[in-house]
Amino acid sequence: MQAPPKPSVISTDKFINPSLPAQFMVMIVISWVLLLFVGGSLFFFPGFARSHWMWALTPFNTNFLGAVYLSAWVPLTVVLWVRRWAPARLILPMLWVVTTFILIASFSHPEQFALNRRVTGIWYWLYLVDCLGATYYLGKFHSRPPARSSRVGKRWALVLRVQSFALGGFGVGLLGIPALFGQFWPWPLDLFHCQLYSSIFIAGAVGSWVLQRAATSVELLTMGLTQLTFSLLVLIGMTVVDASVHKIQWLQAGTIVWLGSFVVLGFIGMMMIRQSFKADE
């Protein structure tokens, strides 16, 4: 007798992968639109974006922020496509980390902002609403188990743990010891941008840790696509900007380590995408 096929990770069976509430999806849709608009403006139309931004941006920071927002847009696209607990289980804690840490950095450095501009108020309110929304749904879903829990295997569990510690360590370093960890950056970073960027790496650490015990193929795909997109956009963007301003010391040890780290991050993301297609075989 032939064995029944394994259920899909996006099965309609609520015990396998339950659907998400409409209110949560509304929050995701709004964030999806904003990330696409803001990220696209910063990355592809930097002059326009800088003229409307809340604080003064250098060309490199403009491009890097654009890469961050466009990379964050990728996992939300997957959530909108699937509309189920997997991959929201991965995205929700990462969303909470990013919004919370950016909000803290923003309130800690009001001198960076043009407080008389309407867009500054919009910035604070949007991040406050997103932070509260992510906090609410983290509490609401905290006891919900992984969708169709499956172990990721010893090798991938180790890779994800190492990645989690590496990203988390760098993120915490940028947050707590910015003068030291900011030296690894290819362009100068002030205290505000060090703390702002720390949220990205800490979020990546949290996402890696979420998947190191159990993950569905769509969660591996989501994480892999996010990492690969982030790595490619950062490296391409920095190269394009430096072709005009010629500020990067490409052969400096810190720059080489920084670039190598993003190459490794992108490679792991690519391998994670490959693994996602094998997860249900």
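Helix α3 passes helix α9 in a right-handed crossing. In this predicted model, α3 covers residues 59-82 and α9 covers residues 217-245. Their axes come within 9 Å and cross at roughly 160 degrees. Because an angle over 145 degrees counts as roughly antiparallel, α3 is roughly antiparallel to α9. As for the residues that form the contact of α3 with α9, 18 are nonpolar, six are polar and one is charged.

Let me turn to a second pair of helices. Helix α4, residues 85-108, packs against helix α8, residues 191-211, at an angle of about 165 degrees. The axes of these two helices are 8 Å apart. Here too the cut-off of 145 degrees applies, so α4 is roughly antiparallel to α8. The crossing of α4 past α8 is right-handed.

Which residues meet in this second contact? On the α4 side they include Leu 90, Met 94, Val 97, Phe 101 and Ile 102. On the α8 side, among them are Phe 192, Leu 196, Ile 202, Val 206 and Val 210. Arg 89 of α4 also takes part, as do Gln 195, Ser 198 and Ser 199 of α8. By class, the contact of α4 with α8 has 15 nonpolar residues, six polar and one charged.

Is Thr 100 buried or exposed? Its relative accessibility is 11%, and because buried means under 20%, Thr 100 counts as buried. The C-alpha atom of Thr 100 is separated by 8.8 Å from that of Leu 132, although the two residues are 32 apart along the chain.

Next comes Ser 41, which lies in helix α1, residues 22-44. With a relative accessible area of 10%, Ser 41 is buried as well. Leaving aside residues up to four places away in sequence, Ser 41 touches Pro 46, Phe 48 and Ala 49.

Finally, the cysteines. Cys 131 has a relative accessibility of 11% and so counts as buried. Cys 194 is likewise buried, with a relative accessible area of 2%. How many disulfides does the model contain? A disulfide requires a pair of cysteine sulfur atoms within 2.5 Å, and by this rule the count is zero.

Thank you for your attention.

Definitions and conventions. Residues are numbered from 1 along each chain as its sequence is written. This is a predicted model: local features need pLDDT of at least 70, side-chain atom pairs count only at pLDDT 80 or more; totals for chains, interfaces and linings use all residues. Side-chain values use heavy atoms; hydrogens and water are left out. Buried means under 20% relative accessible area, exposed over 50%, partly exposed in between (1.4 Å probe, protein chains only). Axes are lines fitted to C-alpha atoms, for helices over the stretch in contact, and angles run from 0 to 180 degrees between N-to-C directions. Helices (H or I, at least four residues) and strands (E, at least two) are DSSP runs, numbered from the N terminus. Angles under 35 degrees count as roughly parallel, over 145 as roughly antiparallel, 65 to 115 as roughly perpendicular and the rest as oblique. A crossing is left-handed if the near helix is turned anticlockwise from the far one by less than a right angle, and right-handed if clockwise. Contact means heavy atoms within 4.5 Å. Ala, Val, Leu, Ile, Met, Phe, Trp, Tyr, Cys and Pro count as nonpolar, Asp, Glu, Lys and Arg as charged, and the others, Gly among them, as polar.
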